[in-house]
Each structure stands twice: as structure tokens, then as C-alpha cells.
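Here are my notes on this one, as numbered points. Have the model open while you go through them.

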Amino acid sequence: EEQVLPAERPWGALGSQGAQWDSSPEDDDRKVRRREKNRVAAQRSRKKQTQKADKLHEEYECLEQENTVLRREIGKLTEELKHLSEALKEHEKMCPLLLCPMNFVPVPRPDPVAGCLPR
């Protein structure tokens, strides 16, 4: 099998190991600066991601508390509705307005639809 020398490669790339053979000090400096810049960018990205997660967690905690308060309020209102419904039922048994037969005389009321129709 014939060995291809780096200078004979048609694509001109040396590969990751080949680049070390003929890298100049400027290339090394560039690599170091690029790695440092990438490291700082990665740190910044991780910090931003952590802050976002923390903010979401705080929002979750607030929503959980609000949910608990609202569930308590629903419970109280349900109890109040039950109590008022019972009170109304008891009142209806003895209400003079409901017991008086005169209150059940139908009163003519205007038809709401008739007022909207053209004449």
C-alpha cells in the first residue's frame, strides 16, 4: 500500500495531528486565544442557562403558592355556597312572597325578539 505524504494530499488539510508538525508560533497563539475565547463563551452560556433554570424554578414556586391559595379560596367559596343554598332552601319553605298565590299570576311581558323585528 502506498503512503500519502502530507504535501501530496489533494484537499490540503493536514488533520489534527498533522497541524502540529508545521504550526507557527502565531498559529499556536491563535489557537490559545480561540480556546480561551471558547472557554469564556462556554462559561457564559452555562451561567446564562443556570440563571434561566433558577428563574423558572422561582416562577414554579410562586405558581405553586398561588395555586394553593386559590384552592383554599375555592374550598371556602364552595362551603359558603353550600351554606347559602341551605339557607335559601329553608327560607323558601316559609317565604310569604313565595307562598302567596297572587304572586303566581302571569304578568304580560313584552317579547324581547319582537322589539328587534322590522314592522
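1. A word on burial before anything else: a residue is buried under 20% relative accessible area, exposed over 50%, and partly exposed in between (1.4 Å probe, protein chains only).

2. Some housekeeping. This is a predicted model, where local features need pLDDT of at least 70 and side-chain atom pairs count only at pLDDT 80 or more, while totals for chains, interfaces and linings use all residues. Residues are numbered from 1 along each chain as its sequence is written, and side-chain values use heavy atoms, with hydrogens and water left out.

3. On the fold: there are three helices and zero strands in the chain, so the order from the N terminus is α-α-α, with helices (H or I, at least four residues) and strands (E, at least two) taken as DSSP runs and numbered from the N terminus.

4. On surface: the chain has an accessible surface of about 12,000 Å², and carbon and sulfur atoms account for 58% of that. The areas come from the Shrake-Rupley method with a 1.4 Å probe; for residues, only the protein chains shown count as cover.

5. How far does the predictor trust this? Its confidence in each residue is the pLDDT, from 0 to 100. The chain has a mean of 82, with 68% of its residues at 70 or more. Helix α2 (residues 25-94) has the highest confidence, at a mean of 97, and helix α1 (residues 15-21) the lowest, at 50. Residues 12-16 have pLDDT below 50, and beyond near neighbours in sequence this stretch makes five contacts in the model (heavy atoms within 4.5 Å).

6. Now the charged pairs. Side chains of opposite charge can pair when their charged atoms come close. With a salt bridge taken as a side-chain nitrogen of Lys or Arg within 4 Å of a carboxyl oxygen of Asp or Glu, the whole structure has three of them.

7. Take R30 and D27: their side chains form a salt bridge at 3.3 Å, N to O. The two residues sit three apart in helix α2, about one turn of the helix. R30 is partly exposed at 45% relative accessibility, and D27 is partly exposed too, at 26%.

8. Next, E36 and R39, whose closest N and O atoms are 2.6 Å apart in a salt bridge. Why can these two reach each other? They are three residues apart in helix α2, so about one helical turn separates them. E36 is partly exposed at 38%, as is R39 at 40%.

9. Last, E90 and K93 meet through their side chains in a salt bridge of 3.1 Å, N to O. Three residues, or about one helical turn, lie between their positions in helix α2. Is K93 buried or exposed? K93 is exposed, with a relative accessible area of 58%, whereas E90 is partly exposed at 44%.

Technical notes:
pLDDT is the predictor's confidence in each residue, from 0 to 100.
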